[in-house]
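Subject: Structure handover

Hello,

Here is the structure I said I would pass on. Please open it alongside this email, and my notes follow below.

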Amino acid sequence: MTRVAAIDCGTNSIRLLVADANPQTGELVDLDRRMTIVRLGQGVDRTGRLAPEALERTFAACREYAGIIKEYGAEKLRFVATSASRDAENRDDFVRGVLDILGVEPEVITGDQEAEFSFTGATKELKGRDDLTKPYLVVDIGGGSTEFVVGDDHVRAARSVDVGCVRMTERHLVHDGKVSDPPTEEQIAVMRADIEAALDLAEETVPLREAHTLVGLAGSVTTVSAIAQDLPEYDSARIHHSRISHDRVREITEWLLRSTHAERAAIPSMHPGRVDVIGAGALVLLAIMERIGAEEVVVSEHDILDGIAWSVA
């Protein structure tokens with residue numbers, strides 16, 4: 001066993017995994033897994049820069065994670081940064097801050113690398129299951145981008161496109177500086193058209209419709225699963241490998257896009273940081289399912305973070 005730490009810093013959240021990994025057996029044993037909503041990508045789509053307050057929220061989480069990594073005595077750490085920090089003019093400020101706190105430079109990876117990690121993390125434990133047919137389509141719906149990966153035991157094709165729950169919300173659902181509560185039919189229609197255009201782009205290089213099993217990753221998908229199961233609180237064990245039908249995803253998405261902030265905030269499994277962006281994230285999932293004709297989505301709690309941990313091990 002090798003004790004490793006992995007950090008995934010995305011547009012909406014930063015996450016930590018400390019685990020013992022055995023590359024020989026394919027076993028990854030969690031010691032600590034946590035997530036903090038930091039909204040690093042706040043305003044990046046509009047300004048092209050990381051906001052000072054967003055950087056400070058992210059650095060505060062890094063300081064907390066540094067203490068946890070030291071406590072567990074992880075031998076190796078890899079810090080991967082995704083969409084927001086790829087897009088920002090001042091990403092050097094971000095790199096310097098992380099290096100000062102954690103002693104490693106954040107790797108601002110490409111969308112293709114992001115997709116590879118996501119696929120490995122999501123599918124490594126699905127091997128040998130008779131009830132899930134290959135090839136898999138793994139979709140990782142993040143805050144700023146969505147990764148599409150088709151593969152069997154290995155990646156066949158991958159593409160990252162710039163649609164995510166935060167980016168879509170900021171681009172289409174904000175009016176006079178506030179998130180519409182609820183959005184108008186026109187706002188939803190324009191957002192859906194933007195998502196469809198991104199799916200067209202993904203299909204140029206990834207054969208989405210050849211997949212037999214759709215595997216959905218990240219907070220938008222796991223939150224939809226929690227709502228579908230009517231969980232009294234967020235429960236990773238019940239969410240991991242749950243299956244949500246297309247009809248149920250459509251019902252939940254339509255409700256989320258009709259609801260008010262207060263109604264969404266009252267959902268017991270809803271993280272406060274997702275209240276305003278979950279409608280957009282759910283719509284991305286629904287559009288994908290309808291594009292490929294998926295009857296259900298298999299939800300995975302294991303994703304890019306697990307893939308990063310395996311790359312270290």
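In which sense do strand S1 and strand S4 pair, and over how many bridges? Strand S1 (residues 2-9) runs with strand S4 (residues 76-81) in the parallel sense, over 6 bridges. Before you go further, please note that this is a predicted model.

The sheet

S1 and S4 belong to an open sheet of 5 strands. Its order is S3-S2-S1-S4-S5, and the pairing is mixed. Strand S3 (27-37) and strand S5 (107-108) stand at the edges. Each has a single partner strand, so one side of each is left without a neighbour in the sheet.

Helix H2 (residues 52-72) touches S1, strand S2 (13-22), S3 and S4. The direction of H2 makes about 15° with that of S2. Helix H4 (residues 91-102) touches S1, S4 and S5. The direction of H4 makes about 160° with that of S4.

Along S1 and just past it

Thr 2 is in strand S1. Is Thr 2 buried or exposed? Thr 2 counts as buried, because its relative accessibility is 18% and the cut-off for buried is under 20%. Leaving out residues up to four places away in sequence, Thr 2 touches Ala 19, Asp 20, Ala 21 and Glu 75.

Gly 10 lies in the loop between S1 and S2. Gly 10 is buried too, with a relative accessible area of 10%. Leaving aside neighbours within four places in sequence, Gly 10 is in contact with Leu 40 and Thr 82.

Cysteines

How many disulfides are there? The count comes to 0. The sulfur of Cys 9 has its closest cysteine sulfur in Cys 62, at 6.4 Å, which is too far for a bond. The cut-off for a disulfide is 2.5 Å between the sulfur atoms. Cys 165 is in no disulfide either. For Cys 165 the nearest cysteine sulfur is that of Cys 9, 14 Å away. Cys 9 is buried at 0% relative accessibility, and Cys 165 is buried with a relative accessible area of 1%.

Helices H8 and H12

At what angle do helix H8 and helix H12 pack? Helix H8 (residues 219-228) and helix H12 (residues 278-292) pack at about 95°, and their axes are 9 Å apart. That angle makes H8 roughly perpendicular to H12. On the H8 side, the contact involves Ser 220, Val 221, Thr 223 and Val 224. On the H12 side, it involves Ile 278, Gly 281, Ala 282 and Leu 285. By class, the contact has 5 nonpolar, 3 polar and no charged residues.

H8 is mostly covered, with 10 of its 10 residues buried. The buried residues in H8 include Gly 219, Thr 222, Ser 225 and Ala 228. Just after H8, Asp 230 takes a positive phi of about 55°.

That is the handover. Please start with the sheet, then turn to the helix pair.

Best wishes

Key
Residues are numbered from 1 along each chain as its sequence is written. This is a predicted model: local features need pLDDT of at least 70, side-chain atom pairs count only at pLDDT 80 or more; totals for chains, interfaces and linings use all residues. Side-chain values use heavy atoms; hydrogens and water are left out. Two strands pair if DSSP finds at least two bridges between them. Helices (H or I, at least four residues) and strands (E, at least two) are DSSP runs, numbered from the N terminus. Contact means heavy atoms within 4.5 Å. Axes are lines fitted to C-alpha atoms, for helices over the stretch in contact, and angles run from 0 to 180 degrees between N-to-C directions. Angles under 35 degrees count as roughly parallel, over 145 as roughly antiparallel, 65 to 115 as roughly perpendicular and the rest as oblique. Ala, Val, Leu, Ile, Met, Phe, Trp, Tyr, Cys and Pro count as nonpolar, Asp, Glu, Lys and Arg as charged, and the others, Gly among them, as polar. Buried means under 20% relative accessible area, exposed over 50%, partly exposed in between (1.4 Å probe, protein chains only).
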